[in-house]
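Biologist: I'd like to go through this one with you and ask how you know what you say. Can we start once it is on the screen?

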Amino acid sequence: MRGSEMLTAAGGTGTAPSTASSSSAAAADLVAGAGGSGAIGVGEGGGNFPLAVALLAFACANFINLLSIWLKEKRWDARKFLTSAGVMSSLSATVGSLAVAVGQREGADSSAFALALVFAAVVMYDASGIRWHTGRQAALLNQIVCEFPAEHPIISTFRPLREPLGHSPLQVFAGALVGCAVAYFMGKSV
């Protein structure tokens, strides 16, 4: 609901006094969720649709990543569900779906959509730029340290740096595409 719609629904301008209490109850139900529970749901009149869609997109992207790893390595590794490994960026799927879901609910001219879109752009830029290059630098540093002689003082305290930190631009795009598709189809189903 936009601000003007909430004002009208809450008994503001243009509402007769006799219907103000029923409009206020309806607005409270919309804000609190179905039955006042505030549960995460996707139906009209209750829950937090953008949050539910974002979590679903995150799970879908990570499941696709797990499936791709299984097809390549022929083994399941559930620990990779929350890592940066795989064919797509699950965080890009999450923020992409969040932006689309907010746009579907609030409209493309709302401040919430603008905020969600800028947030998505920053996360995707970070994943494909800064974190991806940091991962490449970590791999190079690990290789350099491995070439040191065994008696070098750094060898005794060195722990290899984590290498898969970011994603290639193609992986970020694939994640964003999956996230936007999940939000679009979920928005059409409710």
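Biologist: Why does Thr94 count as buried?

Modeller: Buried means under 20% relative accessible area, exposed means over 50%, and partly exposed is in between (1.4 Å probe, protein chains only). Thr94 has 17% relative accessibility, so it counts as buried. Before we go on: this is a predicted model, where local features need pLDDT of at least 70, side-chain atom pairs count only at pLDDT 80 or more, and totals for chains, interfaces and linings use all residues. Residues are numbered from 1 along each chain as its sequence is written, and side-chain values use heavy atoms, with hydrogens and water left out.

Biologist: Where does Thr94 lie, and what is Thr94 in contact with, leaving aside its neighbours within four places in sequence?

Modeller: Thr94 lies in helix 4. A contact here means heavy atoms within 4.5 Å. Setting aside neighbours within four places in sequence, Thr94 is in contact with Ala54 and Phe58.

Biologist: How many helices and strands does the protein have?

Modeller: Six helices and zero strands. Helices (H or I, at least four residues) and strands (E, at least two) are DSSP runs, numbered from the N terminus. Read from that end, the elements go α-α-α-α-α-α. Of the 190 residues of the protein, 30% count as buried.

Biologist: Which residues of helix 6 are buried, and what puts them on the same side?

Modeller: The buried ones are Val172, Gly175, Ala176, Val178, Gly179, Val182 and Ala183. They cover an arc of only 160° around the axis, which puts them on the same side of helix 6. That arc is the one made by the directions from the helix axis to the C-beta atoms. The general rule is handy too: an α-helix has 3.6 residues a turn, so residues three or four places apart point the same way.

Biologist: And what is exposed on the other side of helix 6?

Modeller: There you'll find Leu170, Phe173, Leu177, Phe185, Lys188 and Ser189 exposed. As for the buried residues of helix 6, their cover includes helix 3 (49-73), helix 4 (90-106) and helix 5 (111-146).

Biologist: Now Ser89. Why does Ser89 count as buried?

Modeller: Its relative accessibility is 0%, so Ser89 counts as buried. Ser89 lies in the loop between helix 3 and helix 4. Beyond neighbours within four places in sequence, Ser89 is in contact with Ala127, His167, Gln171, Val172 and Gly175.

Biologist: What makes the pairing of the side chains of Ser89 and Ser92 a polar contact?

Modeller: A polar contact is a pair of N or O atoms within 3.5 Å; within protein, one must be able to donate a hydrogen and the other to accept it, and residues adjacent in sequence count only if both atoms are side-chain atoms. The side chains of Ser89 and Ser92 make theirs at 3.0 Å.

Biologist: Why is Asp126 called partly exposed?

Modeller: Asp126 has a relative accessible area of 28%, so it gets that label. Its place is in helix 5. Not counting residues up to four places away in sequence, Asp126 touches Arg131 and Trp132.

Biologist: And why does Ala112 count as partly exposed?

Modeller: Its value is 35% relative accessibility, so the label for Ala112 is partly exposed. Ala112 is in helix 5 too. With residues up to four places away left out, Ala112 touches Val102 and Glu106.
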